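Reader: I have a model open and a few questions about it. Can we go through them one at a time?

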Number of protein chains: 2
Amino acid sequence: MDLTNLLGNSAAFLTTISFLPQAIKTIRSGNTRQLSLPMFLLFVSGVFIWILYGILNEQLPIILGNAITFLFAGTILVFKLRDLRK
Amino acid sequence: MDLTNLLGNSAAFLTTISFLPQAIKTIRSGNTRQLSLPMFLLFVSGVFIWILYGILNEQLPIILGNAITFLFAGTILVFKLRDLRK
C-alpha cells in the first residue's frame, strides 16, 4: 500500500469510526440537548446520498464506509428527534 | 453535470456544511458536555489526513471541502477541550 492509499484509508477509517463514541455517549445519557438537529439532518442526508453515489459507481468501500457512518449518525439523529418530542 | 457528479457534489456539500450549525450552537451555548471528546478527536484527525491526501493527490475539491470541515469541527473540539478544563 503506497502513502496515498495509506492516508486515504486512515482518513476514511477515522472519520467513519468517529461517530461511534458519540452514538454510545448519546445512547447512554439519552440527553441530546447540546447536539444540533440541523447538523445531524444535513449529515445523515449527505451520508445517505454518498451511499447512492457508491451504488451508482459500484464502489464498495464508499458504500460500506458510509453505511457504517449512516448507522451511527442515524442512531444519534433518532435519539435527537425523540428528545425533541419530550 | 451528470447524475453521478450531482450526487457526489450534493453529498460532499451536505456533509461539509453540516458541522456549521453544530459549531454555531456550541459557540453560543459554550456547553459541550453531551459532545463526545473521542468523536471530535478522531473526526478532526481524519479530516486533517484527508487534507494531506488531497494535497498529495493535488485534488483541490478534497483540500477545500476538508479545510472547511476542519475549521468547523476544529472549533467544536477547541470548545470541548476548554470545557474539560473547567
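Reader: Where does A:Glu58 lie?

Author: A:Glu58 lies in the loop between H3 and helix H4 (60-84) of chain A. Helices here are DSSP runs (H or I, at least four residues), numbered from the N terminus. This is a predicted model, in which local features need pLDDT of at least 70, side-chain atom pairs count only at pLDDT 80 or more, and totals for chains, interfaces and linings use all residues. Residues are numbered from 1 along each chain as its sequence is written, chains are lettered from A and ligands numbered from 1 in the order in which they are written, and side-chain values use heavy atoms, with hydrogens and water left out.

Reader: What is the phi of A:Glu58?

Author: A:Glu58 has a positive phi of about 50 degrees, although it is not a glycine. Most residues other than glycine have a negative phi.

Reader: Is A:Glu58 buried or exposed?

Author: A:Glu58 counts as exposed, at 72% relative accessibility. Exposed means over 50% relative accessible area, buried under 20%, and partly exposed in between (1.4 Å probe, protein chains only).

Reader: And what about B:Glu58, which phi does that one have?

Author: B:Glu58 has a positive phi of about 50 degrees and is not a glycine either. B:Glu58 is exposed, with a relative accessible area of 73%.

Reader: What is the mean pLDDT of chain A?

Author: The mean for chain A is 95, and 100% of its residues reach 70 or more. pLDDT is the predictor's confidence in each residue, from 0 to 100.

Reader: Aromatics next. How many aromatic pairs are there over all chains?

Author: The count comes to 10 aromatic pairs over all chains. Rings of Phe, Tyr and Trp (its six-membered ring) pair if their centres lie within 6.5 Å; planes under 30 degrees apart count as stacked, over 60 as edge-to-face and the rest as tilted.

Reader: Why is the pair of A:Trp50 and A:Tyr53 edge-to-face?

Author: Their ring centres are 5.3 Å apart and the planes stand at 90 degrees, so the pair is edge-to-face. A:Trp50 and A:Tyr53 both lie in helix H3 (residues 37-56) of chain A, three residues apart, about one turn of the helix. A:Trp50 is partly exposed at 21%, while A:Tyr53 counts as buried at 18%.

Reader: Which parts does the pair of B:Phe19 and B:Phe43 tie together?

Author: B:Phe19 lies in helix H2 (residues 19-29) of chain B and B:Phe43 in helix H3 (residues 37-56) of chain B, so the pair ties together parts that are 24 residues apart in sequence. Their ring centres are 4.5 Å apart with planes at 25 degrees, so the pair is stacked. B:Phe19 is buried at 0% relative accessibility, and B:Phe43 is buried at 5%.

Reader: Which residues do ring pairs link into a cluster?

Author: The cluster consists of A:Phe19, A:Phe40, A:Phe43, B:Phe19, B:Phe40 and B:Phe43.

Reader: Switching to A:Gln34. What is it in contact with?

Author: Leaving aside neighbours within four places in sequence, A:Gln34 is in contact with B:Gln22, B:Lys25, B:Asn31, B:Thr32, B:Arg33, B:Gln34 and B:Leu35. Contact means heavy atoms within 4.5 Å. A:Gln34 counts as buried, at 11% relative accessibility.

Key: Helix = DSSP H or I, 4+ residues; strand = E, 2+ residues; numbered from the N terminus.
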